[in-house]
Amino acid sequence: MAELAALEDPKARAVNEKHGDDHGVNLGKLRAIAKGLKTQQELSRQLWATGDTAARLLALLICRPKAFDRDELDAMMRDARTPKVHDWLVNYVVKKNPHSEELRVAWSADPDPVVASAGWALTTERVAKKPEGLDLPGLLDIIEAEMADAPDRLQWAMNHCLAQIGIEHAELRARAIDIGERLEVLKDYPTPPNCTSPFAPIWINEMVRRQQVR
């Protein structure tokens, strides 16, 4: 904790706080600490228990993803608080855990929009890598009905799923683009030069174009 406190940088904190993350540690330096510590599950649990955002990010880098049981991951998700901790928990831990599919189904239907967004993130992963067994038209039905009015984090996750369906599944591409065009979610999102807009129709068309160039 002292080592992490010593890395606190006011400029980094100011940038992070704009995104809802209450820490000021450079993530490159955080990863360097994790590399030195290697995998330490017990230390990971102790760091998580502090509730400190930088400590929790470090905890997620040094944990053993398959060592958590379902209820433990569910409790961690509900306690994750900040976007970066939430994001790393889903991507670095839950996706590699044997309970990920069970949690995907449970979280997608959760009344808490932040928890539900984790379910949608896991669904997006399946759309891309293992779509067998998913009701893709049914997912588009839900997105069409609910995305426009969803809270920010949930809306972002649903939009990513919409784009992924359009990118990966040619037979549903026209419908995915049509939903994006009608709902106009993230249409005016400020996008830096050389980055792809998160507006689904632009995102889908650009990624399909890149695949065709390959």
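The model is predicted, so local features need pLDDT of at least 70 and side-chain atom pairs count only at pLDDT 80 or more, while totals for chains, interfaces and linings use all residues. Residues are numbered from 1 along each chain as its sequence is written, and side-chain values use heavy atoms, with hydrogens and water left out.

**Aromatic rings**

- The structure holds two aromatic pairs; rings of Phe, Tyr and Trp (its six-membered ring) pair if their centres lie within 6.5 Å, and planes under 30 degrees apart count as stacked, over 60 as edge-to-face and the rest as tilted.
- One of the pairs is formed by Trp88 and Tyr92, which is tilted, with 5.1 Å centre to centre and 40 degrees between the planes.
- Both Trp88 and Tyr92 belong to helix H7 (residues 83-93), where they are four residues apart, about one turn of the helix; helices (H or I, at least four residues) and strands (E, at least two) are DSSP runs, numbered from the N terminus.
- Trp88 counts as buried because its relative accessibility is 3%, whereas Tyr92 counts as partly exposed because its value is 25%; buried means under 20% relative accessible area, exposed over 50%, and partly exposed in between (1.4 Å probe, protein chains only).

**A charge over a ring**

- Arg56 has its charged end over the ring of Trp48, 4.1 Å from the ring centre; this term applies if NZ of Lys or CZ of Arg is within 6 Å of the ring centre and within 35 degrees of the ring normal.

**Packing of H11 and H13**

- Helix H11 (residues 152-168) packs with helix H13 (residues 200-213) at an angle of about 35 degrees, and their axes are 9 Å apart; axes are lines fitted to C-alpha atoms, for helices over the stretch in contact, and angles run from 0 to 180 degrees between N-to-C directions.
- On the H11 side the contact residues include His160, Leu162 and Ile167, and on the H13 side they include Trp203, Ile204 and Met207; contact means heavy atoms within 4.5 Å.
- The residues of this contact divide into eight nonpolar, four polar and no charged; Ala, Val, Leu, Ile, Met, Phe, Trp, Tyr, Cys and Pro count as nonpolar, Asp, Glu, Lys and Arg as charged, and the others, Gly among them, as polar.

**Positive phi in loops**

- Arg81, in the loop between helix H6 (70-78) and H7, is not a glycine but has a positive phi of about 65 degrees.
- Arg81 is partly exposed, at 48% relative accessible area.
- Asn194, in the loop between helix H12 (170-183) and H13, is not a glycine but has a positive phi of about 70 degrees.
- Asn194 is exposed, at 83% relative accessible area.
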